[in-house]
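Here's a quick walk through a two-chain model, written for someone who likes cut-offs spelled out. Have a look at the sequence and the coordinates first.

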Amino acid sequence: MNKHIILLFSIILLCGCKQNNEATLVSGKLITTDHLIANDTSMQRYIQPYKVDIDKKMDRIIGHSTRELTSYFPESPLSNFMSDIIQDRAKKYLEQNKADSLQLISLMNIKGIRTALPKGAITIRHIFEIMPFENEIVILTLSGKNIQKLFEHISTTNGEGISGATITISNNTLSKLRIGGKEIDTSGNYYLATSDYLANGGDFFTMITSPLHSESIGCKIREAIIEHIEELNQNQQKVVYSTDGRIKVIK
Amino acid sequence: MGNRRDFLKTVSLGTAIGTLGLSSCITNNRITKITILHTNDVHSHIDPFPANHRKFPNQGGFARRAALVKQIRKEEEHVLLLDAGDIFQGTPYFNFYKGELEIKLMGDMGYDAATIGNHEFDNGEHELCKQISKADFPFIITNYGLDGNKLKTLTHPYKIIQKGNIRIGIIGLGIKLEGLVSPNNYKNITYNNPIIEGEKAASFLKEKENCDYIIALSHLGYDLKEGMIRDIDVAKNTTNIDLILGGHSHIFLDTPTAIKNKADKRVYIGQTGWGGVKLGRIDIVFNGDKKETELALQAHL
């Protein structure tokens, strides 16, 4: 019996020796890179010309905001602001091209809005921070059925940036939809202005990825925002925005 | 009584053999400490956040991180510097220079490896290939099928890094791009199950390549999301991955999360938030005295 035990122990120990080196995690933490850490001077020197170039482009003041505009579900000042700008820009494009025959709505995904617009002076940099992506505005022609599906989807995800329509969500389902103040015509067609990112399948808006027609209006969302704020500024107006109950949630 | 005598005999025999065995083990394996530094979702934040930033006033910045890493390298013999993806997108540096500055500075800082995040595709695959081909460090992606894609020759399915007597295998786990990246921005990339592919690569590295430790650089995201495989799922359902350095969900894990894997062994997950405001530091000791290391662990965690 003892022989067996010795054999057993030997096997275990031999295996133990042959096995990989034994690892133990002894500490794990996050170190904050704050002002207490001095810059690596050679790296900072390398960054400097890039920074000067960027700062020149970014620090130009384009307008002012009366308060901070933040973005959150289901409806927020910033998501309303951005979807209204898309709506406005698309409307102008359709009018110029004498194609404004269908009802227009707009969609801006809240996850695509990356930060808040601060109170006070607004610079180009702020707009890049809100909208870093190079997404362009596209106008899709969609059937009423797919528009209905779109708002049903938005109800399950608890809201988005929308313009030209109002909805009521109860228990994550769409309980009321008005487009331009009217009931939806599921046998008709609609225009939807949104980003090429969503139109191409981003964020799983599958009901809009096969439109009857799609047209890029040749304007980035970021450009539309910058131009809108500059226009306000030229008219001595500030950005004033809040929620207006276009998305209601009933629990 | 008889039982007790047998037991005592067994113990003394066991101790004798154990001591012998242990001493021979020790002569083979010396104690090695590896310091793993990591970032994720830096999102082109070359400069620190502005002083009036609500969440991260005057925090972050590449030149500071470079100094910090340099300092740690002075203090520690074996240092690894790793990134878990989404290097790109988030500041005008990316809009204007397309990621070349991020890649250059990470090379200068001495990054050992990075994986690919979904935002790496924001300027399209062609532009990503252009940036990766300029990088001084390898991009590792294990679970993307890349047949017919230029990324296949520019990236690595895994990488082995030797530090002292320790061999560290590094794999890269990428997120499903569908729904996150415009389909025009990637062609010929198939997303394969990261649990299956990760385990396959990790067991290969341990068994065939004799690696001691496997680190997964992951851009899958941290916790549960319906229909998605995330870091916690990978940790629970594999046996050969030891440490997951995650990203995508922008979570600040002040200390790594410990998860029991399929073999009931502890696996750790780290994530450093985003924007480069934190540098993750994980110290691993190989072949150290168990009691001592466990005490040290309790003190730190």
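What percentage of the 301 residues of chain B count as buried? The answer is 59%, where buried means under 20% relative accessible area, exposed means over 50% and partly exposed is in between (1.4 Å probe, protein chains only).

## Ground rules

This is a predicted model, so local features need pLDDT of at least 70 and side-chain atom pairs count only at pLDDT 80 or more, while totals for chains, interfaces and linings use all residues. Residues are numbered from 1 along each chain as its sequence is written, chains are lettered from A and ligands numbered from 1 in the order in which they are written, and side-chain values use heavy atoms, with hydrogens and water left out.

## Chain B overall

Chain B has 9 helices and 12 strands; these are DSSP runs numbered from the N terminus, with helices being H or I of at least four residues and strands E of at least two. Take the contacts (heavy atoms within 4.5 Å) in chain B between residues at least 6 apart in sequence: 75% of them join residues at least 24 apart.

As for surface, chain B exposes about 12,800 Å², and 52% of that comes from carbon and sulfur atoms. Accessible areas come from the Shrake-Rupley method with a 1.4 Å probe, and for residues only the protein chains shown count as cover.

## Two spots inside chain B

Q271(B) sits in the loop between β11 (266-270) and β12 (278-286) of chain B. Is Q271(B) buried or exposed? Its relative accessible area is 0%, so Q271(B) is buried. The side chain of Q271(B) reaches the backbone nitrogen of I251(B) at 3.0 Å and the backbone oxygen of G247(B) at 3.5 Å.

Then there's helix α5 (residues 125-134) of chain B, where E125(B), E127(B), L128(B), C129(B), Q131(B) and I132(B) are buried. The cover over the buried residues of α5(B) includes α3 (92-97), α4 (100-109) and α6 (151-154) of chain B. C129(B) comes in at 4% relative accessibility.

## Where the chains meet

Which residue counts describe the contact between chain A and chain B? On the chain A side 52 residues are in contact with 82 residues of chain B. Together the two chains bury about 5,900 Å², 61% of it on carbon and sulfur atoms; buried area here is the accessible area (1.4 Å probe) that two parts lose on being put together, summed over both. In chain A, N21(A), L25(A) and L30(A) lose the most area to chain B, together 13% of what that side buries.

There are 3 salt bridges between chain A and chain B, each a side-chain nitrogen of Lys or Arg within 4 Å of a carboxyl oxygen of Asp or Glu. D40(A) forms a salt bridge with K70(B), with the closest N and O atoms 2.6 Å apart.

## A strand residue and the cysteines

N189(A) lies in strand β9 (residues 189-195) of chain A and is partly exposed, with a relative accessible area of 35%. Its C-alpha atom is 5.6 Å from that of L142(A), 47 residues away along the chain. Leaving aside neighbours within four places in sequence, N189(A) is in contact with L102(A), T141(A), L142(A), S143(A), G144(A) and L212(A).

Finally, a search of the whole structure turns up 0 disulfides over all chains, a disulfide being a pair of cysteine sulfur atoms within 2.5 Å. C219(A) counts as buried, at 3% relative accessibility.

Definitions and conventions: Polar contact = N/O pair within 3.5 Å; in protein donor to acceptor, adjacent residues only side chain to side chain.
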